[in-house]
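Here is a colleague's note to read beside the model. Take the points one at a time and find each residue as you go.

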Amino acid sequence: STALAKRKDGRWMRPATRINLFALATVPFVMVLSNSMIIPVLPAMQKGLDITAFQVGLIITAFSIPAGVIIPLGGYLSDRFGRKVVIVPALFLFGLGGLLAGLASIAMEKAFIPILFSRVIQGIGGGGTYQVAMALVGDIFQSSERSKALGLLEAANGLGKVLAPIIGSLAALLAWFAPYYVYPVIAWASALAVWSLVKEPSKKTQDTPIADYLDDFLQVWHERKRILTIVFIAGGVTLFILFGVLSYYSDILESRWGIEGLYKGFVIAIPVLAMAITSYVSGVVMQKKLRSFIQWLTVGGLALMAASLVAGAFFKDVMPFSASLAFLGIGSGLLLPSLNTVVTGAAGNQERGGLTALYGTVRFFGAALGPPAAGRLMSMGQVGLMLGAAALAGALAVAAILLAKPRQVLTSR
């Protein structure tokens, strides 16, 4: 068995399982590059393609919506046929979409529509990556260490969020379309690592009819519909706000403050780094004192997001505005691990994959709609955009206080 077993010498895992885990950790790193790497390059892409702010936001949408649609299918197929046979082709498609977008940018005078189609291909591949990798970690590692292994995947995801805008800005020093060529290099290397290094445990697959699969899921949803509705909306809205505000931030860094190139990548990474660090710390807290902290972390995260957005609405200088976005990242980092924990705790083993996959879909739709919505709302100005986002976060904080009972969910599973 490849299951994790603590060694007598106190080491955390055997070398074989360590290789499994680090190869799998490349998958969320690749996935997070999908949108975060090109956010700092969106203004340059807008100029290079001669398109509107709304249209350039569709480059994010074209990836995120197909990925969100495919995530549940990828989870179901991996349950039926195995994890690696889904992850590896998905990573190949992810890289291929990036390569096609890069080639279209060079070869075609009117490249916007071909780039959108290429991003759709990327999204189809992206839907079979991170969530399936999480399921494979669950297969390989036993429950006592599974949370630590999943924590490393989340750390890889956070590292990708921090490095993505820097990598994108570095590539864009060559040309506005150069980031597209980064995707195949990293994705195909990850596919090779997963295929050659990860040892998938053999197991008897259950040939469950899809109708029964859906019935089980719907029963879980009916039992937990109030809190799951809040959690799903909160997850989608959080990503909607975060990616929408970051795309606006990317635009005004250049247009208002003249911050461009690599320096811009480092500046955009600040709120994402704040989110990644906070996610890790709050995850550790929840592991130790889950029942005591989870609702406070949820409500507190939403309230901090709302407060930071209100403050950011009135800042005109780059330093205080960037500081407000750092607190937006901290609020998101408090919130998202709490939501993840509620979702995974709301279902048993047979339904957990479908529930978490659907939650991932909602989050992707939020990320997809945020940038084009921000492009449309730029006419309202900074105050209208930021206060509107603050109102969304504040309303969800009130709903979480009045309606959500996350500890009841966690104690029942």
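1. Start with Ile294. Ile294 sits in helix H12, residues 290-312. Helices (H or I, at least four residues) and strands (E, at least two) are DSSP runs, numbered from the N terminus. Ile294 counts as buried because its relative accessibility is 0%. Buried means under 20% relative accessible area, exposed over 50%, and partly exposed in between, with a 1.4 Å probe and protein chains only. Now find Pro337. Ile294 and Pro337 are 43 residues apart in sequence, yet 9.0 Å apart in space, C-alpha to C-alpha.

2. Know what you are looking at. This is a predicted model, where local features need pLDDT of at least 70 and side-chain atom pairs count only at pLDDT 80 or more, while totals for chains, interfaces and linings use all residues. Residues are numbered from 1 along each chain as its sequence is written, and side-chain values use heavy atoms, with hydrogens and water left out.

3. Next, the whole chain. The secondary structure comes to 16 helices and 0 strands. Of the 413 residues, 53% count as buried. Take contacts (heavy atoms within 4.5 Å). Among those with a separation of 6 or more, 83% come from residues 24 or more positions apart.

4. Look inside. A nonpolar core is a set of buried Ala, Val, Leu, Ile, Met, Phe, Trp, Tyr and Cys residues joined through side-chain atoms within 4.5 Å. The largest one has 108 residues. Met45, Ile59, Ile87 and Ile241 have the most contacts inside it. Helix H10 (residues 225-255) gives the most to this core: 16 residues. Pick out Ile59. Leaving aside residues up to four places away in sequence, Ile59 touches Ile38, Met45, Leu49, Phe112, Leu116, Arg119 and Tyr180.

5. Tyr180 is one of the buried residues of H8. Others buried in H8 include Pro179, Pro184, Ala187 and Val194. Helix H8 covers residues 179-197, 19 residues in total. From first C-alpha to last, H8 reaches 27 Å, close to the 27 Å expected at 1.5 Å a residue. The expected span is 1.5 Å times one less than the number of residues.

6. Now the charges. How many salt bridges does the structure hold? There are 2. A salt bridge is a side-chain nitrogen of Lys or Arg within 4 Å of a carboxyl oxygen of Asp or Glu. Glu254 pairs with Lys47, with the closest N and O atoms 3.9 Å apart. This pair links distant parts of the chain: Glu254 is in H10, Lys47 is in helix H2 (residues 42-49), and they are 207 residues apart.

7. Lys264 lies in helix H11 (residues 261-288) and Glu254 in H10, so the pair ties together parts 10 residues apart in sequence. Both Lys264 and Glu254 are buried.
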